[in-house]
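Please have the sequence and the model at hand.

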Amino acid sequence: MSTDMEIIPLESWLPSKGFPLIIAGPCSAESEAQMLQTAREIACIPQVKFFRAGIWKPRTRPGDFEGVGERGFRWLQKVKKLTGLKTTIEVANPQHVELALKYGIDMLWIGARTVVNPFAVQEIASALHNVDIPVMVKNPVNPDLKLWIGALERFSGTGIRRIIAIHRGFHYFENSPFRNAPMWEIPFELKRLFPDLPVIVDPSHICGRRELLEEISQKALDLEMDGIMIETHFDPENAWTDASQQIKPSDLLGMLNRLVIRKRTGTVDFENKLEELRTEIDKLDGELLQILSKRMEVIDAIGEYKSRNHITILQMKRWAGIISDRLSIGTNLGLNKIFLKHLLQLIHKESIKRQTDIITKKK
Ligand code: PEP
Ligand code: MN
């Protein structure tokens with residue numbers, strides 16, 4: 001996988017004191033009055049540097065409100081003139097890009113539904129050839145890191161150097177309190193592969209409900225994410241889109257003031273203690289892997305034994321017993337039940353695979 005994206009560090013091009021990057025504004029541009037009132041209130045929040053609004057909205061069904069289109073740009077221009085806030089919108093095709101550039105939008109973002117389609121992403125990227133504008137790329141709807149990276153690379157490949165990834169959560173079938181499950185391991189891996197790439201978080205689309213925003217925003221900062229984008233509306237309950245996740249500017253101000261921005265590196269003592277704890281983790285992981293390997297050796301022995309005696313591999317009764325027994329031991333040890341279930345299923349899957357391999361080799 002290519003790791004040579006050339007990226008200008010966020011701190012060097014953000015408006016002064018712009019780190020972490022805070023973006024606020026309504027899900028959708030609805031009317032001039034809604035935009036100006038929301039922007040005036042947001043402008044009183046010193047941490048906010050960019051004003052967001054959706055001019056075109058990707059809606060699941062036709063007939064839902066699909067955005068105000070081109071006339072929204074005049075409102076954004078007024079917002080900028082009135083408040084000094086920089087502006088950012090979602091673009092989903094080359095025509096959107098052309099209009100955004102014509103009306104002087106300061107930064108673009110690519111939405112989650114667009115990022116799933118490499119043709120669409122390439123068309124947008126090509127429309128930005130030789131254009132120097134920052135571009136934010138949301139993760140695709142589905143938890144596919146390669147697709148996210150691919151989209152980032154398409155913009156990098158076209159010459160965009162001010163790139164930001166936006167983590168907005170992933171569609172997930174199992175029960176979750178979130179509209180889009182955060183699956184933090186995915187943005188972590190992105191950061192590991194591209195250490196220079198700024199990653200900000202969109203708690204609004206992760207949470208889906210305003211009550212959860214503060215918890216996810218704090219988590220984002222604690223996990224060294226580089227900023228947050230929060231949907232903000234002067235009258236959230238009556239917003240035309242995403243009403244349950246938007247907050248009032250006054251609530252955003254309260255939340256931002258409560259958020260703790262921790263230092264990224266500490267004193268020598270702190271670093272030493274951290275190193276000590278990390279060494280312990282390395283040792284424990286080593287032991288965990290040894291035990292897992294021993295368990296697989298025993299599984300192989302069982303496979304051989306079953307195969308010699310012509311017994312089926314999967315014995316459902318035994319498996320159900322294992323699950324309930326291990327869940328009770330594990331939860332008593334303070335482990336999370338859902339995590340345990342996933343872990344046990346994974347181990348079981350691998351065990352069955354090894355036994356099947358043994359039997360097919362014998363045939
Ligand atoms: C949005 O930011 O309003 C939006 C449509 O988000 P997403 O692409 O993450 O669904
Ligand atoms: Mn929205």
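Residues are numbered from 1 along each chain as its sequence is written, and chains are lettered from A and ligands numbered from 1 in the order in which they are written. The model is predicted, with local features needing pLDDT of at least 70 and side-chain atom pairs counting only at pLDDT 80 or more, while totals for chains, interfaces and linings use all residues, and side-chain values use heavy atoms, leaving out hydrogens and water.

**The manganese ion**

The manganese ion (ligand 2) is coordinated at 2.1 to 2.4 Å by C27 (SG), H205 (NE2), E231 (OE) and D242 (OD). Donors are N, O and S atoms within 2.8 Å of the metal (3.2 Å for Na, K and Ca). C27 sits in the loop between β1 (21-25) and α2 (32-42), and D242 in the loop between β8 (227-231) and α11 (249-258), so this pair ties together parts that are 215 residues apart in sequence. Helices here are DSSP runs (H or I) of at least four residues, and strands (E) of at least two.

**Ligand 1**

The residues around ligand 1 include C27, H205 and E231. Polar contacts, pairs of N or O atoms within 3.5 Å, are listed here.

| Residue | Part of residue | Distance to an oxygen atom of ligand 1 |
|---|---|---|
| R52 | side chain | 2.8 Å |
| A112 | backbone | 2.8 Å |
| K138 | side chain | 2.8 Å |

Taken alone, ligand 1 exposes 300 Å², and the protein buries 97% of that; the areas come from the Shrake-Rupley method with a 1.4 Å probe.

Note on methods. Near = heavy atom within 4 Å. Polar contact = N/O pair within 3.5 Å; in protein donor to acceptor, adjacent residues only side chain to side chain.
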